[in-house]
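Notebook open, structure loaded. I want to jot down how the chain holds together, starting with its contacts.

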Amino acid sequence: MTSKPALLDRVRPAAEQPLVRPGVDRASIGVLVRKFYSKVRKDERLGPIFAREITGDWEPHLEKMTDFWCSVILKSGDYHGRPVPAHLKLEDVTEADFEIWLALFRETAAELFAPETAAVFVERAERIAASLKLAMFFRLGPAARSGAK
C-alpha cells in the first residue's frame, strides 16, 4: 500500500531550482531590472501607468524588483512583498498591457544574457504574467459560481 505522503510526492511538481549560471547573480539581475524599467518608463502605454504609481525616487521600487527577481531566479528569499494586491489596485491596466511588458522583458533579457539563460528569465516572466492576469481579469460568472451547468 502506498502511503499518502509518497503519493503526494509523485503528483506534486518538483520545486524550481536556483538558476546557477556564470554571470547570473544579484548584480546582473539588478542591471536587468534597471534596463527593463528604463524601457517601461519610456513606453507610451506603460510609462504613464508607472509614473502615476511611482512618483519621485524609483530606487526603492528597483531594489524591490531586484529582490523579487533574485527570489524568482536565484531562490534567494529576498522578496517579501505581495504582487497580486499591488497589481489589483491598478485599475487602468489591461490584459494587452502584459504583452507590452513581456515584449520589453524578452528584449532586455536577450540583450543581457545568453539565449538559454534569457529563456529561463522569460519563461518565469511569462508564468508570472499569466498568474497576475488570472488574478486581475478572470472572474467567474454567476452560473459558474453557483455550480449551475
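This is a predicted model: local features need pLDDT of at least 70, side-chain atom pairs count only at pLDDT 80 or more; totals for chains, interfaces and linings use all residues.

I started with sequence separation: among contacts in the chain with a separation of 6 or more, 78% are between residues 24 or more positions apart.

Of its 149 residues, 34% count as buried.

On to the core. I found 38 residues in the largest nonpolar one, and Tyr 37, Trp 69, Ile 73, Trp 101 and Phe 121 have the most contacts inside it. At least two core residues come from each of H2 (26-42), H3 (46-53), H4 (59-73), H6 (95-112) and H7 (115-137). H7 gives the most, with eight residues. As background, nonpolar side chains in soluble globular proteins tend to be buried together.

Skipping neighbours within four places in sequence, I listed Phe 36, Leu 46, Trp 69, Ala 125 and Ala 129 as its contacts.

Last stop was Thr 108, in helix H6. Buried or exposed? Thr 108 counts as buried, because its relative accessibility is 0% and the cut-off for buried is under 20%. Leaving out residues up to four places away in sequence, I have Thr 108 touching Leu 32, Lys 35, Phe 36 and Lys 39. Phe 36 is on my list for Trp 101 and on the one for Thr 108 too.

Notes
Residues are numbered from 1 along each chain as its sequence is written. Side-chain values use heavy atoms; hydrogens and water are left out. A nonpolar core is a set of buried Ala, Val, Leu, Ile, Met, Phe, Trp, Tyr and Cys residues joined through side-chain atoms within 4.5 Å. Buried means under 20% relative accessible area, exposed over 50%, partly exposed in between (1.4 Å probe, protein chains only). Helices (H or I, at least four residues) and strands (E, at least two) are DSSP runs, numbered from the N terminus. Contact means heavy atoms within 4.5 Å.
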